[in-house]
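Biologist: I'm new to this one. Can you put the model up and walk me through it?

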Amino acid sequence: MPLDPRPPRFGLLREIASGSLAAGFTASLFSPLELVKTRLQVQYQFGPPLYSGLGHALRRIAEEEGVAALWRHGFAGFVARDLTFSGFRIGLYPTVRSLYSRRKTAGDDAGLPAKVLSGCTTGMVGSALANPVDVVRVRTSVESGAVDASSGLFTTGLRAGEAPRFRGFGGCARQLASEPLASGAYGGVGASMARAAALSGGQLASYDHCKYLLLKHGGFAEDGALLHAVAPCCLASWP
């Protein structure tokens, strides 16, 4: 039976939504690691370091602020960032790849250079769009800790002994909106886009090309769930 040459209705929107939901689900699971990573990266700006490494930071935050704090601090910013960033970098990839490769039929391979370029492009687009919520993610991860009810000051975390400058995701977003774009919502956007280009160019292109090679030489008859599961395993085990 011949393939329908017409693109599926709302295909691009569905690709973006699928990428967003998958990334958001993963972010919700690993939010504690993102919180710890951010605190470890910036802690030297606040005096003597509080955490000696990943395990120590996880234990100390859980003991001083409660296990739930590992998900509560910076959670909304991290999930919102991945919903935006990964939604666009993954969701736009098939469309951009087709534009760069100018494939004539669905069976044609785009070629590795077009795949790498497509990954770089969508990574930069997603990173640029997500930069404001990424800034919120970092600030809310730093601006977190247990607060004393009587004094209103942080008793734990990087800003222990100081008063909170805002409350949660909404308060940080409002503060960010009042700042100049270059130093606020779009601070560090160039470095963020460069990182995203390298990440997506390597990650998406290699995964996509592994699927192509498995379909052509690996005995897979169709592009299905099993192929999607095996392709990243091949990447992980590549010598």
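Biologist: What share of the chain's residues count as buried?
Modeller: Of 239 residues, 38% count as buried. Buried means under 20% relative accessible area, exposed over 50%, and partly exposed in between, with a 1.4 Å probe and protein chains only.

Biologist: Where do these numbers come from?
Modeller: This is a predicted model: local features need pLDDT of at least 70, side-chain atom pairs count only at pLDDT 80 or more, and totals for chains, interfaces and linings use all residues. Residues are numbered from 1 along each chain as its sequence is written, and side-chain values use heavy atoms, with hydrogens and water left out.

Biologist: How many helices and strands does the chain have?
Modeller: Nine helices and zero strands. Both are DSSP runs numbered from the N terminus: helices are H or I with at least four residues, strands are E with at least two.

Biologist: Now the inside. Which residues form the largest nonpolar core?
Modeller: Nine of them: Leu35, Val36, Val42, Tyr51, Ala57, Ile61, Leu70, Val142 and Leu158. A nonpolar core is a set of buried Ala, Val, Leu, Ile, Met, Phe, Trp, Tyr and Cys residues joined through side-chain atoms within 4.5 Å.

Biologist: Which elements give two or more residues to this core?
Modeller: Helix H1 (11-42) and helix H2 (54-65) do. H1 gives the most, with three residues. Apart from this core lies another, of six residues, among them Val136, Cys172, Leu176 and Ala185.

Biologist: Back to Val36. What does Val36 touch?
Modeller: Leu54, Ala57, Leu58 and Ile61, if you skip residues up to four places away in sequence. Contact means heavy atoms within 4.5 Å.

Biologist: Different spot. Is Ala114 buried or exposed?
Modeller: Ala114 is buried, because its relative accessible area is 12%. Ala114 is found in helix H6. Leaving aside neighbours within four places in sequence, Ala114 is in contact with Tyr100 and Ser101.

Biologist: How far is Ala114 from Val96?
Modeller: Their C-alpha atoms are separated by 9.0 Å, and the two are 18 residues apart along the chain.

Biologist: What about holes? How many cavities of 30 Å³ or more?
Modeller: One. The largest cavity holds about 30 Å³ of space. On a 1 Å grid over the protein atoms alone, a cavity is a set of points where a 1.4 Å probe fits but cannot get out; a pocket is an open set with protein on both sides within 12 Å along at least five of seven lines; lining residues have an atom within 4 Å of a point. Grid points are joined across faces, edges and corners, and a volume is the space filled by probe spheres set on the points.

Biologist: What lines the largest cavity?
Modeller: Arg81, Phe85, Ser127, Ala130, Asn131, Asp134 and Ser192. H6 gives the most to this lining, with four residues.

Biologist: And the second largest pocket, what is its volume?
Modeller: About 270 Å³. The second largest pocket is lined by 17 residues, with His73, Thr140, Glu143, Ser144 and Gly168 nearest its centre. H4 gives the most to the lining of this pocket, with three residues.
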